Amino acid sequence: MHIMMTAVCALSAATAFAGATMELKNAGFEETDRNGYPVGWSRHPSWHGERAGHNGSGGLVFECSAEKKQKGGRPQQEVVLKAGRRYYVSALVKTANLVTERPTPAQGMGIYLEGYGDDGKWKFGGGPRVFANGTTKDWIKVEFITREVPDGIVRAYIQPWAKRCVSGRAVIDNVYLAEYDMQPVAGVF
């Protein structure tokens, strides 16, 4: 009986989240242009496409030496966000000797979602509380749920984020974006 109740509670919790998956172009980084850069993502000098993704698929690779240091900016893809909505964002990340400015879980490789008003100024943004850094033995899922999107967002971007990374290598794959809609649960046991 205990096992059955546990299964019912787990199923209830799993079905409590429902939301529309948003279409991202080349979220798995499989399609590349003639120069090998993932189609649908803006270019950045510290990033490139490579068959280094999850299960040997395509991936977006960050590589930077301590001497070179990362330049500002990051690859991005424009998305449409709705005011008053929250979003679930995730990606798979694997790192190798990824060094950050400070040894903290708040720095490293992650994913970011941000929005700008019609005046071009930043109005909204969010990222994970814990980033991948150092050397991960396997793929790590970085994820977060945004706060409500404010009114007046006219442009928004999803971006792989090497937050305060000084050197090393990281691969990001399977970027995911969905509206976050918490459904009422019928009963909790």
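Student: Which strand is joined to β6 by 9 bridges, and how do the two run?
Tutor: That is strand β9, residues 155-163, and the two run antiparallel. Strands here are DSSP runs of E with at least two residues, numbered from the N terminus. Two strands pair if DSSP finds at least two bridges between them. Keep in mind that this is a predicted model, where local features need pLDDT of at least 70, side-chain atom pairs count only at pLDDT 80 or more, and totals for chains, interfaces and linings use all residues. Residues are numbered from 1 along each chain as its sequence is written, and side-chain values use heavy atoms, with hydrogens and water left out.

Student: Okay! What is the bridge partner of G108 in β9?
Tutor: G108 has K163 as its bridge partner there.

Student: And how many bridges join β6 to β7?
Tutor: There are 4, and β6 and β7 (residues 122-126) run antiparallel. One example to look for: E114 has G125 as its bridge partner in β7.

Student: What about the turn between them, which residue takes a positive phi?
Tutor: Look at G120, with a phi near 85 degrees. The hairpin has 5 residues between the strands β6 and β7.

Student: Is β6 mostly covered or exposed?
Tutor: Mostly covered: 9 of the 9 residues in β6 (108-116) are buried. Buried means under 20% relative accessible area, exposed over 50%, and partly exposed in between, using a 1.4 Å probe and protein chains only.

Student: New topic. How many salt bridges does the structure hold?
Tutor: It holds 7. A salt bridge is a side-chain nitrogen of Lys or Arg within 4 Å of a carboxyl oxygen of Asp or Glu.

Student: Why does R51 count as exposed?
Tutor: Because its relative accessibility is 55%. E30 is partly exposed, because its relative accessible area is 41%.

Student: Where are K82 and E179, which also meet in a salt bridge?
Tutor: Their N to O distance is 2.9 Å. K82 is in the loop between β4 and β5, E179 is in strand β10, and they are 97 residues apart.

Student: Are those two buried or exposed?
Tutor: K82 counts as partly exposed at 46% relative accessibility, whereas E179 counts as buried at 9%.
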